[in-house]
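This briefing describes a protein chain for a reader with a computational interest. Please consult the sequence and the structure shown below while reading.

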Amino acid sequence: MVPGIEIHTRVAQKAQAAILTEGALQFLVALHRTFDGTRQTLLAAQTAHIRAEPSWHCVPPGPGLEDRRVEITGPTDRKMVTNALNSGAKTFMADFEDATSPTFSAMIEGQVNLRDAIRRQIDFEANGKRYQLSPNPAVLIVRPREYRWDYIFSFIKKRRADRNAILPDRKDVTMEVGFMDAYVRLLIQTCHKRKVAAIGGMSAQIPVKGDEKANETAMNKVRADKLREVTNGHDGTWIAHPLINKIAREIFDRHMMGPNQYHVRREDVRVAAADLLNTKVPGRVTAGGVRSNISTVLAYASAWLGGNGCIPLNHLMEDAATAEITRIHSGKYVGKLFDAVVPEVRKAVPGLKDEHLRIVAKYLKDQISRQWPSEFLTSDLMPYLAAADGVPASWQRSVCSCRILGLYLYVLHVRKFQ
């Protein structure tokens with residue numbers, strides 16, 4: 001073992017042996033010891049002067065990254081990696097953050113899957129079906145842990161004590177409401193000023209099987225979202241399901257002739273702080289909306305404890321950002337529905353364990369009873385994952401291993417297939 005590194009779990013031994021070689025661990029130690037001081041200094045530094053400097057641009061995108069018009073995202077299990085790379089999307093962002101429950105096995109086996117993919121050794125069979133990489137897969141991008149951010153979540157969390165900032169049901173808080181529209185326009189203007197891609201939001205809708213009318217309604221929502229994004233000036237969009245690629249691709253191909261829209265500078269945009277904090281959102285808070293929030297966060301967080309970082313729920317692909325939004329949003333209104341909603345959640349997501357539901361319900365009740373909910377539910381629940389991985393109690397608060405592994409993956413695996 002390399003001095004300075006201890007591995008406090010024995011799960012996924014085969015994957016550990018393949019990925020955590022002595023050379024890889026030496027690289028991690030050198031990376032951390034060389035750059036961590038600078039990293040901490042930069043994180044603590046004030047950056048207003050950098051943002052105010054008008055002349056700098058980011059380096060041009062690497063090969064294969066100039067055109068990200070449709071980018072599929074999802075977890076890093078072997079089936080998802082293969083299907084996403086074969087989806088027809090321009091790029092696949094392998095998501096070790098929002099879409100992944102950071103068990104040690106998920107982190108380390110995800111690296112094995114990406115390593116095998118870029119070596120074209122990922123082919124496998126499961127349940128009588130063969131999964132094989134196509135001749136021209138999507139370009140691989142890796143999202144390591146610690147890069148998660150959602151503006152609706154931040155808006156609700158930071159203003160949770162402001163009675164003037166109470167938002168209506170989550171379904172009413174769309175990308176077209178005032179503060180989200182202002183955020184989008186400013187994002188495109190800022191990104192293109194620095195010559196980087198402004199990627200549109202996630203289409204959480206997934207195909208509705210067995211109900212043609214409901215499926216068409218869901219797909220029309222996707223079409224409207226993607227048309228709004230490309231005409232606003234976005235350079236690409238996120239999708240969560242391979243079957244959504246065709247819809248998104250057709251719209252971006254029709255309205256974006258080149259590989260991106262960096263030339264759309266949006267110099268017409270004038271966004272003030274008040275625009276980003278605008279609380280005038282049409283709609284109201286309903287009992288059904290609150291109940292939906294509670295069932296969503298209960299289902300997601302319970303699945304997360306079981307090692308699943310994204311789940312289909314009511315024909316939407318839900319991830320950690322959704323769970324955070326519904327946790328904070330629910331806390332503004334009611335704390336008495338949890339016991340009543342648990343049976344509904346158990347029926348909607350049959351694979352959930354009773355123990356995980358019990359842990360999450362207790363945690364959420366405590367959160368709602370507080371004046372100030374904690375920053376992130378995933379950080380709060382991380383010790384349960386660590387304990388399940390066999391990590392000693394004295395080390396359970398440290399998630400350094402997951403973060404470093406994500407960074408290692410980011411450094412080594414962001415590349416185009418050869």
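In which crossing, left-handed or right-handed, does α11 pass α13? The crossing of α11 past α13 is right-handed. The model discussed here is predicted. The protein chain contains 16 helices and nine strands. Its radius of gyration is 22 Å, close to the 22 Å that the globule rule gives for 418 residues, so the chain is as compact as a globular protein of that length.

**Overall dimensions and contacts**

- The C-alpha trace of the protein chain spans about 60 × 55 × 50 Å along its principal axes.
- Of the 418 residues in the protein chain, 47% count as buried.
- Among contacts in the protein chain with a separation of 6 or more, 77% join residues 24 or more positions apart.

**Packing of α11 with α13**

- Two packed helices are described by the angle between their axes and the distance between the axes.
- Helix α11 covers residues 287–305 and helix α13 covers residues 338–348; their axes come within 9 Å and cross at roughly 60°.
- On the α11 side, the contact is made by Arg291, Ile294, Ser295, Leu298 and Ala299.
- On the α13 side, the contact is made by Phe338, Ala340, Val341, Val342, Glu344 and Val345.
- By class, eight nonpolar, one polar and two charged residues take part in the contact of α11 with α13.

**Asn293 within α11**

- Asn293 is placed in helix α11.
- With a relative accessible area of 2%, Asn293 lies under the 20% limit and is therefore buried.
- Apart from its neighbours within four places in sequence, Asn293 is in contact with Arg170, Thr326, His329 and Ser330.

**Packing of α4 with α5**

- The axes of helix α4 (residues 78–85) and helix α5 (residues 104–118) come within 9 Å and cross at roughly 35°.
- The crossing of α4 past α5 is right-handed.
- Arg78, Val81 and Leu85 of α4 meet Val112, Asn113, Leu114, Asp116 and Ala117 of α5.
- The contact of α4 with α5 comprises, by class, five nonpolar, one polar and two charged residues.

- The 16 residues of α7 should span 22 Å at 1.5 Å a residue, and the end C-alpha atoms are 23 Å apart, which agrees.
- The buried residues of α7 are Phe179, Met180, Ala182, Val184, Ile188, Gln189, Cys191 and His192.
- These buried residues of α7 pack against α6 (151–158), α8 (212–232) and α10 (273–276).

**Positive phi values**

- Most residues other than glycine have a negative phi.
- Lys195 belongs to the loop between α7 (178–193) and β6 (199–203).
- The relative accessible area of Lys195 is 39%, between the limits of 20% and 50%, so Lys195 is partly exposed.
- Asn127 is not a glycine, yet has a positive phi of about 55°.
- Asn127 lies in the loop between β3 (124–126) and β4 (129–131).
- The relative accessible area of Asn127 is 84%, which is over 50%, so Asn127 is exposed.

Notes: Residues numbered from 1 in each chain as written. Predicted model: local features only at pLDDT ≥ 70, side-chain atom pairs only at ≥ 80, totals over all residues. Heavy atoms only, no water. Axes fitted to C-alpha atoms, helices over the stretch in contact; angles between N-to-C directions. Helix = DSSP H or I, 4+ residues; strand = E, 2+ residues; numbered from the N terminus. Left-handed = near helix turned anticlockwise from the far one by under 90°. Contact = heavy atoms within 4.5 Å. Nonpolar A, V, L, I, M, F, W, Y, C, P; charged D, E, K, R; others polar. Buried < 20%, exposed > 50% of the residue type's maximum accessible area, 1.4 Å probe, protein only. Expected span 1.5 Å × (residues − 1). Rg over C-alpha atoms; globule rule 2.2 N^0.38 Å.
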